[in-house]
Amino acid sequence: MHPFAKLKTLLRGIPEKNLLLILSLFVGICSGLAAVILTTLVEHIKDFLTSRIVTAGETVLYLVLPGVGMLISMLLLRYVIKDKIGHGVTKVLVAVSKNESRIKPHNMWSSILTSSLTIGFGGSVGAEAPIVYTGAAIGSNVARMMGLSYRSMTILLGCGAAGAVAGIFKAPLAGVLFTLEILMFNISMTSMMPLLLSTVSATVISYLFLGNSLPFVCTLSPFRMENIPFYILLGIFCGFCSLYFLRMTLTLEDKLSGFRNPYFKWLFCAVLLGLLIFLFPPLYGEGYGDLHPLLNGEEVNYDGTTLLSGMLHTPWMVPVFFALVLLLKVFAMTFTNAGGGVGGTFGPTLFVGALAGFILARTINLVLSGSDFVVPEQNFVLVGMAGLMAGVMQAPMTAIFLIAEISGGYELLLPLILTATISFGTMRIFEKYSIYTKRIAHTGELLTHDSDQAVLTLLKMDDLIEKDFSPVSIDASLGDFVQTISTSGRNIFPVLDSGGHFQGYVSLEDVRSDMFRQELYASQHVYNYMHSAPEYVYEGESMDVVMHKFEKTDAWNLPVVKKDRTYLGFVSKSKIFSAYRDELKELSQD
């Protein structure tokens with residue numbers, strides 16, 4: 001017997017609410033273990049390559065290894081996994097809104113394998129999005145194997161994602177907030193308990209296996225009120241950096257999608273990525289190691305590793321060097337993913353935010369070098385992470401508490417709140433959606449915190465098609481039509497041609513005055529009474545589009561057809577309203 005079948009039998013009879021608590025704890029433990037495995041694999045692969053294989057100098061490492069990791073990942077995806085698993089957070093959002101929170105079982109391990117190879121070999125992406133996808137897949141598949149409802153499956157999916165974030169960052173509160181702000185469109189207070197259980201258990205697992213150290217070790221200076229104007233300026237700067245990050249990423253992805261040959265695309269991206277890393281070593285891997293000196297007020301030295309290291313010996317060229325790294329990180333990240341690698345934008349967002357904070361602080365200090373006033377650069381590096389995250393991901397609460405948790409920087413809570421809020425507000429002026437939601441929002445498949453919009457997104461038009469209407473031929477006589485009326489329970493009759501294509505409709509009211517006049521049975525035909533449809537609903541259309549058509553036409557019923565107008569049925573306002581009420585009740589259930 002399958003292990004889950006035994007577990008299902010053992011837990012039979014437990015109310016679903018209570019079962020959800022038990023399973024959320026289990027999902028949290030599994031997600032925490034997944035985070036530990038991914039972190040360990042990345043570190044071991046990186047250490048193995050840099051300490052044992054590479055003997056000809058780091059320049060060879062920068063030029064060759066990232067492309068090798070991308071190639072291995074691409075081959076695994078094409079010939080072993082046979083699926084696309086990039087953009088993990090976006091795929092989780094699509095799973096919730098479009099696939100009834102179902103994620104393929106292979107995603108419980110495939111993202112870990114491919115992303116660890118990509119990042120371990122030096123791909124310029126983050127491990128956070130792949131582990132979120134992994135955690136969400138664990139929650140989804142556990143719920144499916146236990147036969148839980150869609151609502152419970154969605155909550156467990158969120159528990160897996162929250163546990164993954166908590167496990168990789170050792171930040172339980174940030175895991176909960178990440179799920180609430182980015183993944184979960186609506187959640188009741190009762191559903192908070194599974195999320196908390198999942199994140200706490202994942203964090204405990206992470207501490208047990210990875211130790212007590214925080215992900216980012218910082219030497220922070222005390223917060224001073226006179227720095228508030230500069231934190232406000234940092235918030236605005238991070239907002240514009242977020243806008244650049246999002247728009248340039250999507251633009252580059254669109255440009256690179258034009259390559260038809262995957263191997264040529266890999267070669268193109270691998271060469272460009274290698275050159276970028278060769279010139280700018282901080283672009284190698286996640287880049288977190290390069291943030292250590294910045295977070296501790298130390299000077300950075302890349303002598304012997306890049307031709308541009310001389311720039312760092314000239315005071316004003318230091319912020320210029322890191323500004324170039326900031327601008328090019330988006331290119332390095334996109335080349336990595338487009339070339340076959342697997343990784344996310346979460347890590348690069350933190351990296352770019354740290355650079356934004358450093359660049360602004362160093363520039364201010366250079367400008368004010370003749371005075372006694374000094375801006376604490378390490379503080380700005382840390383707060384900049386929250387600023388970019390709030391802007392790019394449009395998740396200010398997650399940004400504030402994640403950075404506070406992963407650095408122990410709660411003494412900077414006020415500037416974290418200030419900078420994150422201003423960055424978020426600046427970004428919202430130009431972009432309504434985050435980097436995770438912008439593409440899927442345009443398809444109408446994005447769930448939001450708006451309950452009405454969420455319910456419409458969850459409703460599937462194809463499930464609401466009514467097929468109990470009696471079709472009639474366009475050439476049928478009135479006598480034949482009356483015979484069809486006598487056996488039908490509906491008062492609308494779709495009119496079709498010989499090929500089953502929709503031509504129009506006839507209502508019972510249209511023929512009421514003639515249906516008892518037998519002298520007209522042979523001379524009158526269906527086409528004499530037929531009306532054209534005010535609008536067509538096409539197979540697979542989103543409910544947003546369907547409701548817009550109802551509003552525009554003021555119709556009560558609309559025909560549903562394929563692209564070639566093959567008749568499928570009708571969809572009615574009453575059916576939609578009934579399904580809407582049922583879905584809203586399910587969504588709001590405590």
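Q394 sits in the loop between α15 and α16, the latter spanning 396-407. Helices here are DSSP runs of H or I with at least four residues, numbered from the N terminus. The phi of Q394 is positive, about 50°, although Q394 is not a glycine.

## Basis of the values

The model is predicted, so local features need pLDDT of at least 70 and side-chain atom pairs count only at pLDDT 80 or more, while totals for chains, interfaces and linings use all residues. Residues are numbered from 1 along each chain as its sequence is written, and side-chain values use heavy atoms, with hydrogens and water left out.

K82 is not a glycine either, and its phi is positive at about 55°. K82 is placed in the loop between α3 and α4. With a relative accessible area of 64%, K82 is exposed.

## Q378 in helix α15

Helix α15 covers residues 377-392 and contains Q378. The relative accessible area of Q378 is 12%, so Q378 is buried. Which residues does Q378 touch, not counting those up to four places away in sequence? They are T219, L220, S221, L294, L295, N296 and G297; contact means heavy atoms within 4.5 Å.

## Packing of α10 and α17

Two packed helices are described by the angle between their axes and the distance between the axes. For α10 (residues 228-256) and α17 (residues 413-430), the angle is about 40° and the axes are 7 Å apart. Axes are lines fitted to C-alpha atoms, for helices over the stretch in contact, and angles run from 0 to 180 degrees between N-to-C directions.

The two helices, α10 and α17, are therefore oblique to each other (under 35 degrees is roughly parallel, over 145 roughly antiparallel, 65 to 115 roughly perpendicular, and the rest oblique). The crossing of α10 past α17 is right-handed, meaning that the near helix is turned clockwise from the far one by less than a right angle. The contact of α10 with α17 has 14 nonpolar, six polar and one charged residues. Nonpolar covers Ala, Val, Leu, Ile, Met, Phe, Trp, Tyr, Cys and Pro; charged covers Asp, Glu, Lys and Arg; the others, Gly among them, are polar.

## Salt bridges

How many salt bridges does a search of the whole structure find? The search finds 13, each being a side-chain nitrogen of Lys or Arg within 4 Å of a carboxyl oxygen of Asp or Glu. One of them joins the side chains of D83 and K104, with 3.4 Å from N to O. D83 is in the loop between α3 (58-81) and α4 (88-98), and K104 is in the loop between α4 and α5 (110-120), so the pair ties together parts 21 residues apart in sequence. K104 is partly exposed, at 46% relative accessibility.

R224 and E226 also form a salt bridge through their side chains, at 2.6 Å from N to O. R224 has 38% relative accessibility and counts as partly exposed; E226, at 40%, is also partly exposed. A further salt bridge links the side chains of R517 and E519, at 3.3 Å from N to O. R517 is partly exposed at 39% relative accessibility, whereas E519 is exposed at 55%.

Terms used: Buried < 20%, exposed > 50% of the residue type's maximum accessible area, 1.4 Å probe, protein only.
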